[in-house]
Amino acid sequence: MTKFNCTQTAGFGNGLAGHVLLQPCSEQWKKKYLHVNLKTPYRGRYVDIGTVVGESDKIWTLSLNQESPQVPIVLLHGLGAGVALWVLNLDSLAKQRPVHAIDLLGFGRSSRPVFSKKAEEAENQLVRSVEEWRKEMQLDNFVLLGHSMGGFIAASYAIQYPERVKHLILADPWGFPERPTDVVNKSQAPLWLKAIAYMVQPLNPLWAVRFAGPFGQWLIETTRPDIVRKFSPFLQDEPTIISQYIHQCNVQTPSGESAFHAMMHGFGWAKNPIIKRIDQLDHKIPVTLLYGSRSWVDNTAGETIKRVRSSSYVNVQIITGAGHHVYLDKSEIFNKYVLEACKIIDQHSKLTQPGNLNPGSKLICEEKNRSDEEVDASTKVSDKAIDVDKSKLS
């Protein structure tokens, strides 16, 4: 496996051009972040997906353990994020299989084309970009894991391209439940705050970061100190490099962010919620949902999915103490659940047969026990640290 080729352009923005303040090729980035914290050799590259939205769209891709014959796992990040935020998960997941983390089109270092302002078309453009990326990567099928908005896109992709998805893993997914009709009336916010919220509705969600100009990084550190703290044990010499990374991801043209704005119905809901079409998902595709107990995301959709897909494998886990960024807050527990989901697919082709799709079936329980025994010591956690809500298991 080759390390990142530092002769490649490492800019942000549209195509290969843009800001280079936080280049992955720079000594600062390699020594203080990916190179130091990743033990697994990795390769970073642009994957040209052709004309999907723009004239020549490119997807920034980080790949690990590509030599493994196991089914690969593909990671889709959430709004305003990028591949680097998976750093606490990559090594663990890559021990057993190929891992590909991408900057979704319109985010991070990927191209930033102009998306449709129509919700359905913007969603389909993002889904098509993932499919064209798959073709260029020559992946037949894979485990698809999406966080937040990435979970929304992952579910939509699985519905449209079921033959490509071996297991759908949704981490605190956005855009699943329908928006309550009385959500505005229930709000306890003062009138002046509601007025401000109404005035900024036409703006993209992260407009303030760009409006702040050179103070954007400070704004991120002030409003989201929790994210910086999550990485501080790994970046003791320079903990602010994460806020710098997030700032650089979002200070550019808000292309993907505009697509999200087109799809959203109020920040917390989607105009075309997944729950209204989850019945279109192939019953043979296993689904694992991982929620944070302290997250703002409504996790009741998980129970609805179990009810709608009663003859299919649906495993819902609520992880105690984790917020919306469940993959960061409780990374070891998160990694363990993901590895369990992948292991089931690796060892049991009979999974999709009737009677074996229920998480409580003998086949699944045997594999889960075997996975618990074989999981690497670095990913093991005490039983007390895991919130297994037995009422949520079939």
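## Ground rules and overview

Helices (H or I, at least four residues) and strands (E, at least two) are DSSP runs, numbered from the N terminus. With that in hand, Asn335 has its place in helix H14, residues 331-347. This is a predicted model, where local features need pLDDT of at least 70 and side-chain atom pairs count only at pLDDT 80 or more, while totals for chains, interfaces and linings use all residues. Residues are numbered from 1 along each chain as its sequence is written, and side-chain values use heavy atoms, leaving out hydrogens and water.

On the whole-chain level, you get 15 helices and eight strands. Of the 394 residues, 56% are buried, meaning under 20% relative accessible area, with exposed being over 50% and partly exposed in between (1.4 Å probe, protein chains only). A contact here is heavy atoms within 4.5 Å; among contacts with a separation of 6 or more, 74% join residues 24 or more positions apart.

## Two nonpolar cores

A nonpolar core is a set of buried Ala, Val, Leu, Ile, Met, Phe, Trp, Tyr and Cys residues joined through side-chain atoms within 4.5 Å. The largest one has 54 residues, and Trp133, Leu144 and Leu168 have the most contacts inside it. Helix H4 (residues 149-160) gives this core its largest share, eight residues. Apart from it lies another core, of 45 residues, including Ala81, Val83, Leu85 and Leu290.

So who does Leu144 actually touch? Setting aside residues up to four places away in sequence, the list is Val74, Leu76, Ala154, Tyr157, Val165, His167, Leu168 and Ile169.

Helix H2 (residues 87-94) has eight of its eight residues buried, so it is largely enclosed by the rest of the structure. Asn335 counts as buried because its relative accessibility is 3%.

Trp86 is in the loop between strand E3 (73-76) and H2, and its 2% relative accessibility is why it counts as buried. Leaving out residues up to four places away in sequence, Trp86 touches Leu75, Leu76, His77, Ala101, Leu145, His147 and Tyr327. Trp86 and Leu76 sit ten residues apart in sequence and 9.7 Å apart in space, C-alpha to C-alpha.

## Rings and charges

Rings of Phe, Tyr and Trp (its six-membered ring) pair if their centres lie within 6.5 Å; planes under 30 degrees apart are stacked, over 60 edge-to-face, and the rest tilted. By this rule there are seven aromatic pairs. Trp174 and Phe260 make a tilted one, at 4.6 Å centre to centre and 45° between the planes. That pair links distant parts of the chain, 86 residues apart: Trp174 is in the loop between strand E6 (165-171) and helix H5 (183-186), and Phe260 is in helix H11. Both Trp174 and Phe260 are buried. Helix H11 (residues 255-263) is itself largely enclosed by the rest of the structure, because eight of its nine residues are buried.

Trp86 turns up again here, forming one aromatic cluster with Tyr327 and Phe334. Elsewhere, the charged end of Arg109 sits over the ring of Trp60, 3.6 Å from its centre (the rule: NZ of Lys or CZ of Arg within 6 Å of the ring centre and within 35 degrees of the ring normal).
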